[in-house]
Every structure is written in C-alpha cells, then in structure tokens.
Amino acid sequence: AQSPTMRTAAVALAAALLGTASAFRAPVAPSAARAPALYFGGAGKSYATSSDGKVARVERVKELLEGSTLIYSVPSYAIDMESMTKMRNSLPEGVTCMVVKNTLMSRAVEGTEFEAARDMLERENMWFFVPEDSLRPGVQAWETFLKEAAAGLRKSHVVRGGVMSGKLLDTAGVTAASKLPNKQELIQKIARAINTVPTKVGVGIRTVPTKIGRGIKLALVEEDDKPEGGDAAAEA
C-alpha cells in the first residue's frame with residue numbers, strides 16, 4: 001500500500017499535469033448559433049455603416065426604383081435567416097426585397113415618383129421593389145410566406161403599405177394594385193375587343209404605326225393561333 005506521503009505526491013503531480021494540458025488547449029469561442037439569426041440584408045456591418053456603404057446603398061435603391069412600378073414594405077424584425085432565404089428564393093424574377101434604413105430610403109426616393117414613401121418611414125422596414133409585369137406574383141410571394149409562417153408573424157408582419165404612380169397606398173391598396181392587369185393582359189383584352197368589331201375597323205387598328213399597334217398585332221396573332229374553344233381548349 002502507498003504511504004500518505006506518496007499519495008499526496010501523486011495527487012500533486014496529476015494536478016500539475018492537468019494544468020499544463022489546459023494551457024495548450026485552444027480557447028473555445030462563444031457560439032454564434034445560440035441566438036437566432038436575423039436577416040438585415042446588405043454587406044457587413046462595418047461597411048454598411050460607413051459613408052461609402054451608405055452611398056452605395058442609396059444608389060442601389062435608386063436603381064431598383066427605376067425599374068419598379070410598385071414598392072411596398074413589411075416589418076423586417078424577428079425573421080430568421082432560413083425563413084428569409086426561403087422567401088427570397090420564392091420571389092418571381094425581377095422582384096427584389098431589401099432591408100433599408102429609413103434615412104437612406106428617404107434619400108433614395110427624393111425627387112422620384114415614390115417620394116410619398118417618406119410618410120411610411122417609421123420603425124424597421126423591408127422593402128419590395130416590383131416591376132410592372134410582376135405585380136400579382138410580387139405581392140403574392142409575401143402573402144404566401146405569411147400563410148406558412150408562425151401565427152405571431154401572420155398578425156404582426158402584414159403589408160404596411162406602399163406607393164404606386166405617386167400615390168401612397170395602405171394595406172388594402174397594395175392588395176388591390178396587385179390585382180391590376182399587366183400590359184400584356186391589357187393588350188390581349190384590347191385584341192379580343194378588336195376581334196368583335198367590323199373587319200375594316202379592325203384592319204385599320206392593325207395598321208396603327210405605334211408600339212401599341214405592334215403589341216396589339218402580336219396579341220391578335222396569339223389569339224388567332226389559339227385552337228377553337230378559347231383559353232380552355234389551349235390549356236387542355
């Protein structure tokens with residue numbers, strides 16, 4: 001059996017070895033995954049908050065405004081990265097969503113047809129920039145996202161409002177705007193109407209030397225190429 005002195009020496013040696021091993025162990029960094037990831041958009045914080053980053057942000061928003069017919073906003077807080085990525089991937093081509101600070105959005109819309117958006121610049125906003133041909137799917141994308149989201153988000157993250165043709169829209173106004181026919185749908189309606197008028201009038205309209213005339217003629221060709229029975233037969 002070991003004497004008390006030997007046991008004491010063994011314990012002291014073991015403690016010394018453990019202390020030496022811990023000195024060579026790499027420090028464990030705090031896990032960033034403990035807190036839910038939120039989507040804020042844009043580049044890294046240091047660049048985004050710099051003067052150059054702010055200027056670039058404003059210029060990017062101006063580019064998006066030039067190609068948009070409708071813009072609308074929703075709350076940007078409390079959305080995890082996975083959900084946000086899924087929603088962004090569901091957006092139709094040409095539609096962009098972006099979190100923009102209110103001060104930067106105010107600068108970007110100044111002097112544009114979307115200047116009325118300044119009246120909406122409160123709290124955190126994520127903006128959707130929607131071109132003319134994507135009004136319906138551009139708004140439906142967010143509505144679909146909310147239907148699949150948690151109950152809390154469905155109540156707190158409804159569309160706050162938007163701007164179209166220089167007019168400020170409320171939530172219902174954005175929904176109504178999304179149901180407006182796009183240019184191609186209008187042309188097709190005009191084409192159907194033309195097919196119901198006397199031949200001479202229809203021929204006269206077909207020869208109108210304008211972009212609208214060419215668009216109507218294209219729509220007429222599409223209508224003429226459809227099989228008998230109309231749209232239902234074409235889809236059958």
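Student: Which residues in helix 3 meet helix 5, and which in helix 5 meet them?

Tutor: K54, R57, V58, V61, K62 and L65 in helix 3 meet L104, M105, R107, A108 and V109 in helix 5 (contact means heavy atoms within 4.5 Å; helices are DSSP runs of H or I, at least four residues, and strands are runs of E, at least two, numbered from the N terminus). By class, this contact has seven nonpolar, no polar and four charged residues (Ala, Val, Leu, Ile, Met, Phe, Trp, Tyr, Cys and Pro count as nonpolar, Asp, Glu, Lys and Arg as charged, the others, Gly among them, as polar). This is a predicted model, where local features need pLDDT of at least 70, side-chain atom pairs count only at pLDDT 80 or more, and totals for chains, interfaces and linings use all residues. Residues are numbered from 1 along each chain as its sequence is written, and side-chain values use heavy atoms, leaving out hydrogens and water.

Student: At what angle do helix 3 and helix 5 cross?

Tutor: Two packed helices are described by the angle between their axes and the distance between the axes. Here the axes of helix 3 (residues 51-66) and helix 5 (residues 102-109) cross at roughly 50° and come within 9 Å (axes are lines fitted to C-alpha atoms, for helices over the stretch in contact; angles run from 0 to 180 degrees between N-to-C directions). That makes helix 3 oblique to helix 5 (under 35 degrees is roughly parallel, over 145 roughly antiparallel, 65 to 115 roughly perpendicular, the rest oblique).

Student: What is the strand order in the sheet?

Tutor: Strands of a sheet pair through backbone hydrogen bonds, either parallel or antiparallel. This open sheet of five strands has antiparallel pairing and the order 2-3-1-4-5 (strands pair if DSSP finds at least two bridges between them). Strand 2 (96-99) and strand 5 (167-169) each have a single partner strand, so one side of each lacks a neighbour in the sheet.
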